[in-house]
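Student: I am new to this structure and would like to learn how to read it. Could you walk me through it?

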Amino acid sequence: MAYIDKAFFEGNSSVVIADGEFDAMAQRASDVIDALTFRAVERYSLEDSPLFAKVKRAVVYQMEHIQQTFGSLEAWATVVGEGSETIGNYSYSKSAPTGAGGKTVNGLPLSPLVEGVLAPVIALGRKIG
């Protein structure tokens with residue numbers, strides 16, 4: 001389930017995302033937030049907590065990052081970061097697109113704003129028990 005809808009996004013961002021891509025991007029950005037926070041929203045039922053506002057802001061920031069840095073969900077989802085491979089005399093190197101550097105979640109580039117906003121939710125997600 002995506003943590004934000006189009007009305008929330010448009011009320012909190014000036015970035016334009018195509019209607020046909022919005023739902024998928026909101027879902028993928030929410031999935032990234034879940035992975036980063038160890039599913040804290042679900043584990044602690046944060047939907048009615050003041051912390052949920054931070055989660056929603058983080059989803060907006062992640063969606064803005066995807067659109068502004070990569071141009072589409074498809075371009076962002078195909079980034080696997082930097083890597084190289086050598087087999088015998090053959091060598092291959094791949095580098096991430098400009099602006100893709102920095103923190104990743106499961107190999108996908110994360111907005112630099114997300115971790116700061118989500119710090120208390122990440123800490124809660126790391127809590128054992």
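Student: Which helix holds Ser30?

Tutor: Helices (H or I, at least four residues) and strands (E, at least two) are DSSP runs, numbered from the N terminus. Here Ser30 lies in helix 2, residues 19-36. This is a predicted model, where local features need pLDDT of at least 70, side-chain atom pairs count only at pLDDT 80 or more, and totals for chains, interfaces and linings use all residues. Residues are numbered from 1 along each chain as its sequence is written, and side-chain values use heavy atoms, with hydrogens and water left out.

Student: Is Ser30 buried or exposed?

Tutor: Buried means under 20% relative accessible area, exposed over 50%, and partly exposed in between (1.4 Å probe, protein chains only). Ser30 is buried because its relative accessibility is 0%.

Student: Which residues is Ser30 in contact with, leaving aside neighbours within four places in sequence?

Tutor: Contact means heavy atoms within 4.5 Å. For Ser30, these residues are Met1, Ala2, Tyr3 and Val59.

Student: What about Ser45: where is its place?

Tutor: Ser45 sits in the loop between helix 3 (40-43) and helix 4 (51-70). Its phi is positive, about 45°, although Ser45 is not a glycine. With a relative accessible area of 52%, Ser45 is exposed.

Student: And where is Asn106 found?

Tutor: Look at the loop between strand 3 (104-105) and strand 4 (108-109). Asn106 is not a glycine, yet its phi is positive, near 50°. Asn106 counts as exposed, at 71% relative accessibility.

Student: How many helices and strands does the protein chain have?

Tutor: There are six helices and four strands.
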